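Subject: Structure handover

Hi,

Here is the structure I promised you. Please open it alongside this email and follow along as you read.

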Amino acid sequence: MFQKRAAAIHDISCFGKCSLTVALPILSAAGVETCPIPTAMLSTHTGGFTNIHIRDLTDDILPVANHWASLSLRMDALYTGYLGSFTQLDIVSEVFDKLKGEDTLIVVDPVMADHGKLYGGFSEDFPAGMAKLCAKADVITPNFTEAALMLGEEFVEGPYTKEYVEGLLKRLSALGADTVVLTGVYFDDKQLGAAAYNATTGEYVYAMSEWISGAFHGTGDIFTSVLLSAMLNNCSLQESLQIAADFVSACVKRTRRDHDYMTYGVNFEAELPALTRRLGL
């Protein structure tokens, strides 16, 4: 067996737990060789900090991909998170074309909105551009806000019904991805998790874990990184979804012991040995 290899196309925060500082250690702990393509460098993540130093690396994305293509490097997965501009969307779309092999899994986490609103700096037409990129993906992992924006629908507050969740999943699948994973699913105030739809099989699956109150930065990046890790370790969609939901819940529980959790992100590092064991490595 060859070691699996994934390209992670994300920004990197020098302080704070999100994007590449989450994707790289999680995928590595899962036995996946992780090759980063940084899209930007930030002194800290953007949740709760000011006067952030940012260096845009848009012009470096394509030269890295071109070099990899010239070396005929095999990528088992291409994984994107926050992309800050239409230019980056177009470039990443080109990167997919250059690096995708016959069995390469493309995972797009359309990070751009939450709580019913677009993140600052995005124009109202950005979700349409992100939807176009999602059409090239095999797996997409939007939250409810991102899903509504890409579909041009009104954002609906939870708690949700299975009918609404499954309808939304099916409408999202029409964008082009074979597997749609919707995060932030809840039917009551006791459990929180995710739901998925596979367009090929017509299967809907759910994974729920204990709801822990609070706002935690980086949990979406953690969830998708674990989901991809499990999928690359040949777990089923149901297994991958549950492993990711349980891991995020365990990280949040651990983090609640630390009063700084609201600003700094969650303590996922201490849970990595448990993830490795759960994946049977």
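Start at Thr179. Its bridge partner in β10 is Asn198. That bridge belongs to the pairing of strand β9 (residues 179–185) with β10, which is antiparallel and runs over 6 bridges. Between β9 and β10 sit 5 residues, and the two strands form a hairpin. Keep in mind throughout that this is a predicted model.

Now stay with β10 and look to its other partner. Strand β11 (residues 203–210) also pairs with β10 in the antiparallel sense, over 8 bridges. Within that pairing, Ala196 stands opposite Val205 in β11. β10 and β11 make a hairpin too, with 4 residues between them. Look at Gly202 in the turn: its phi is positive, about 75 degrees. How many of the 8 residues of β10 are buried? The count is 6, so the strand (residues 191–198) is mostly covered; buried here means under 20% relative accessible area.

Zoom out to the sheet. In general, the strands of a sheet pair through backbone hydrogen bonds, in a parallel or an antiparallel way. This sheet is open and has 9 strands. Trace them in the order β3-β2-β1-β4-β5-β8-β9-β10-β11. The pairing is mixed. Which strands are at the edges? They are β3 and β11, and each of them pairs on one side only.

Next, go to β5. Strand β4 (residues 77–80) pairs with β5 in the parallel sense over 4 bridges. There, Ala77 stands opposite Leu105 of β5. Strand β8 (residues 139–140) pairs with β5 as well, again in the parallel sense, over 2 bridges. Here Val107 stands opposite Val139 in β8. Both faces of β5 (residues 105–108) are covered. Leu105 and Val107 are buried on one side, and Ile106 and Val108 are buried on the other.

Here is the chain as a whole. It has 10 helices and 11 strands. Its radius of gyration is 17 Å, close to the 19 Å that the globule rule gives for 281 residues, so the chain is as compact as a globular protein of that length. The C-alpha trace spans about 50 × 45 × 40 Å along its principal axes. Of the 281 residues, 49% are buried. Take the contacts with a separation of 6 or more: residues 24 or more positions apart account for 68% of them. The chain exposes about 12,600 Å², and carbon and sulfur atoms supply 52% of that area. There are 20 positive and 34 negative side chains, and the centres of the two sets lie 5 Å apart.

A few loops deserve a visit. Begin with the one between β2 (33–42) and β3 (54–56), where you will find His45. Is His45 buried or exposed? His45 has 4% relative accessibility, so it counts as buried. Beyond its neighbours within four places in sequence, His45 is in contact with several residues, including Ser13, Phe15, Cys18, His217 and Tyr264.

Asn51 lies in that loop between β2 and β3 too. Its relative accessible area is 77%, so Asn51 is exposed. The phi of Asn51 is near 55 degrees, a positive value in a residue other than glycine.

Asn234 also has a positive phi without being a glycine, at about 65 degrees. You will find Asn234 in the loop between α7 (219–232) and α8 (237–255). With a relative accessible area of 60%, Asn234 is exposed.

Then look at Ser123, in the loop between β7 (117–118) and α4 (126–134). Ser123 is partly exposed, at 35% relative accessible area. Not counting residues up to four places away in sequence, Ser123 touches Phe86 and Leu118. Ser123 and Phe86 are 37 residues apart in sequence, and their C-alpha atoms are 9.8 Å apart in space.

Last stop: Pro159. It is in the loop between α5 (144–151) and α6 (162–173). The peptide bond that joins Gly158 and Pro159 is cis, with omega at about 5 degrees.

Best wishes

Conventions: Residues are numbered from 1 along each chain as its sequence is written. This is a predicted model: local features need pLDDT of at least 70, side-chain atom pairs count only at pLDDT 80 or more; totals for chains, interfaces and linings use all residues. Side-chain values use heavy atoms; hydrogens and water are left out. The radius of gyration is taken over C-alpha atoms; the globule rule is 2.2 Å times the number of residues to the power 0.38. Buried means under 20% relative accessible area, exposed over 50%, partly exposed in between (1.4 Å probe, protein chains only). Contact means heavy atoms within 4.5 Å. Accessible areas come from the Shrake-Rupley method with a 1.4 Å probe; for residues, only the protein chains shown count as cover. Lys and Arg count as positive and Asp and Glu as negative; His and the chain ends are not counted. The place of a charge is taken as NZ of Lys, CZ of Arg, CG of Asp or CD of Glu. Two strands pair if DSSP finds at least two bridges between them.
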